[in-house]
Amino acid sequence: MAIPKRITKEIGRLVSEPVPGIEAKSHEENIRYFDVTITGPVQSPFEGGAFKLELFLPDEYPMAPPKVRFLTKIYHPNIDKLGRICLDILKDKWSPALQIRTVLLSIQALLSAPNPDDPLANDVAQNWKEDEQGAIAKGTLAPWSASREWTQLYASN
Amino acid sequence: MSEDEYDSFGEDGEDFMDASDYELSDGNDDTSDMDDDIFAEDMRKPREAYEVDYRVLDVAAIRAMQDSESSQVEGILGIEKEHAATLLRHFRWNKDRLIERYMDAPEAVLQEAGVITDIHTAPRLEPAPAGFCCAICYDDEPDMSSLALRCGHRFCKECYSEYMTSKIQKDGESRRIQCAATDCKVIVDEHTVSLLVTKPVYDKYRTLLTRTYVDDNARLRWCPAPGCEYAVECPVPQAALKSVVPTVHCNCGNSFCHGCGSEDHMPCICALVRLWLRKCADDSETSNWIHVNTKECTRCNSTIEKNGGCNHMTCRKCQHEFCWVCLGPWSEHGTNWYSCNRFDEASSKDARDTQAKSRQQLERYLHYYNRYANHDQSAHLDKELHNKTEKKMEEMQQTSDLSWIEVQFLRAAVDNLVQCRMTLKWTYAFAYYLARDNQTEMFENNQRDLEMAVEQLSEMLEQPINANNIKELKQNVLDKSTYVAKRREVLLNDTARGLADDRWRYMVDV
């Protein structure tokens, strides 16, 4: 099937103007399939981690959103243990004017600012909600420390 | 058949006539029927106490209603009709609230609803300006056809069309389709949609809009029959459902409750129907099993199943020892352990009395449930009876000199029977919740009369046909059928009046 001009152009731009902290490479045999690496944002419990994701552009793209999933285990209230992400622009807030680049930036932002009020992993969200204040202030308590621990366990080289 | 025969039934025959007329006209062109409903007659006026005003609307009529409401708002607020429609949809067709809010703060209302009213930037297809690059396909060829809503977000026509088509076809959206740009809340209006999509997609869009119109409008409800495309308008508000059961009859032949959308459940009110159905879903099978297989401990009332062993029971909860057979205390059984012949002893009699009392609740429920379920089942056998009747009618035409039109009375009687069974079924749900008082007694008398008549008619219709007595049979069936219909009317009228006067007392809060 012919690859729409838009996808070719997006890939070109991802290479020529890369986003800091984000790397996205499309497979040679299937140009719609991307290996993505997002660096954990500074001053977040994910700092120092390199998180692998997979991204797929369905046939309907850009009318339908890309499918994105974390491959690296991550302790985050909006990401479940299968790596599925709860993010509005990947669902009902999708607009065809969004791009791979903006989607990945949003995911990066989600790492900096978890949203425990709209959780996917309920236990993690509960944990975050219960002592987010304490956790962020001290930087030692769960869930902050759990996230950091997991980052070290699963996302460091 | 001659007119006289109908006439001989006098007034009661009239009803019967109506019923068969209806059946006969069913095969006719439906559209002519519809038009009459919408334009010639306004609301069907109720004749009996249990009937309500309503009218059946087809899609064209529903569109006309939307149109006239939009025009009205257009006139009052002085904005374009498309905008009026978008605003109305945003306010779920609550015209008064829209006008009130708009008068207070027009800007805020427009923004909230995603409307920009600027005549000069009305969306239209036009060649893209120089240097334009569509943010969806990244195409930047000069002179592409493009479109921007009043918010100014411009995309090429092809992408916009594809976007709209996907929203309409795949997501089933209609009134909430926003500009394709990220985070832009401006709504794509009807006219713009017509510029962008193909005819079939546009038709689907219109259908979806109509659907939301009916869903949003409390006076309207789609007929729940499969494949039926009529909606019914009925002015009975949700708040009045305690005092009226708004049963409506769609042009497709289906009768349903306009208040809750479920099957015709006269004379039982919606709230009790809900309670009853929930109770039946939870309870009936379990209750039956409990009824058959268990007894209660005579001291602590725990439910006990005897799954083996001797008659010497020891309650796990309170350690009470009793005899399973006579329910008397075990201590009085003396050495007579494994057989019980003490039925008449005073102590075991007492024990059985208490048991009986605690069972009463359950028995009461099962009493009503079994009758409810029985009528339900009988009504479901209606299809079978219909087929049988069909056959019987053929038989009658062959064995006697009656013509097709003259044997229609059988079918009408069956229809009548089914309708009465449905009513009877719901009288049991209703009666279950009624507190015991004189009103209830009268209700149950009416119920009994109807039930007796229904069973007699049912028996008559099941009988084999004998060539000699066809005339007599016809007479009997017609008489009984008329009588049954009358009984049903009496019962429904009495209940409806009771509801209107707030005469019924329930054992639960509704």
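## Aromatic pairs

Searching the whole structure, which is a predicted model, gives 25 aromatic pairs over all chains. A pair of aromatic rings is described by two values, the distance of the centres and the angle of the planes.

One of the pairs is formed by Tyr369(B) and Tyr372(B). Their ring centres are 6.2 Å apart and their planes stand at 40 degrees, so this pair is tilted. An angle under 30 degrees would count as stacked, and one over 60 as edge-to-face. Both tyrosines belong to helix 12 of chain B, which covers residues 346–380; because they are 3 residues apart there, about one helical turn separates them. Tyr369(B) and Tyr372(B) are both buried.

How buried are the two partners? Tyr372(B) has 8% relative accessibility and therefore counts as buried. Trp426(B), at 2% relative accessibility, counts as buried too. The cut-off for this class is under 20%.

Tyr369(B), Tyr372(B) and Trp426(B) are members of one aromatic cluster. The cluster also contains Trp276(B), Tyr365(B), Tyr368(B), Tyr428(B), Tyr432(B) and Tyr433(B).

## The second largest pocket

Rolling a probe the size of a water molecule over the atoms shows where empty space is left. The second largest pocket has a volume of about 820 Å³. Its lining consists of 37 residues, and the closest to the pocket centre are Asp92(A), Lys167(B), Glu173(B), Arg176(B) and Gln178(B). Sorted by class, the lining has 15 nonpolar, 15 charged and 7 polar residues.

Which helices of chain B each supply at least two residues of this lining? They are helix 5 (81–90), helix 7 (106–113) and helix 8 (157–170). Helix 8 of chain B gives the most, with 4 residues. Domain 2 (61–113) and domain 3 (120–197) of chain B both contribute to the lining, so the pocket lies between these domains.

## A hairpin in chain A

In chain A, strand 1 (residues 22–26) and strand 2 (residues 33–39) run antiparallel and are joined by 5 bridges. One of the residues involved is Ser26(A), whose bridge partner in strand 2 is Phe34(A). A hairpin of 6 residues connects strand 1 to strand 2.

Conventions: Residues numbered from 1 in each chain as written. Chains lettered and ligands numbered in written order. Predicted model: local features only at pLDDT ≥ 70, side-chain atom pairs only at ≥ 80, totals over all residues. Heavy atoms only, no water. Pairing = 2+ DSSP bridges. 1 Å grid on protein atoms, 1.4 Å probe; cavity = no way out; pocket = protein on both sides within 12 Å on 5 of 7 lines; lining within 4 Å. Points joined across faces, edges and corners; volume = space filled by probe spheres on them. Nonpolar A, V, L, I, M, F, W, Y, C, P; charged D, E, K, R; others polar. Domains from an automatic or database assignment. Phe/Tyr/Trp six-rings, centres within 6.5 Å; stacked < 30°, edge-to-face > 60°. Buried < 20%, exposed > 50% of the residue type's maximum accessible area, 1.4 Å probe, protein only.
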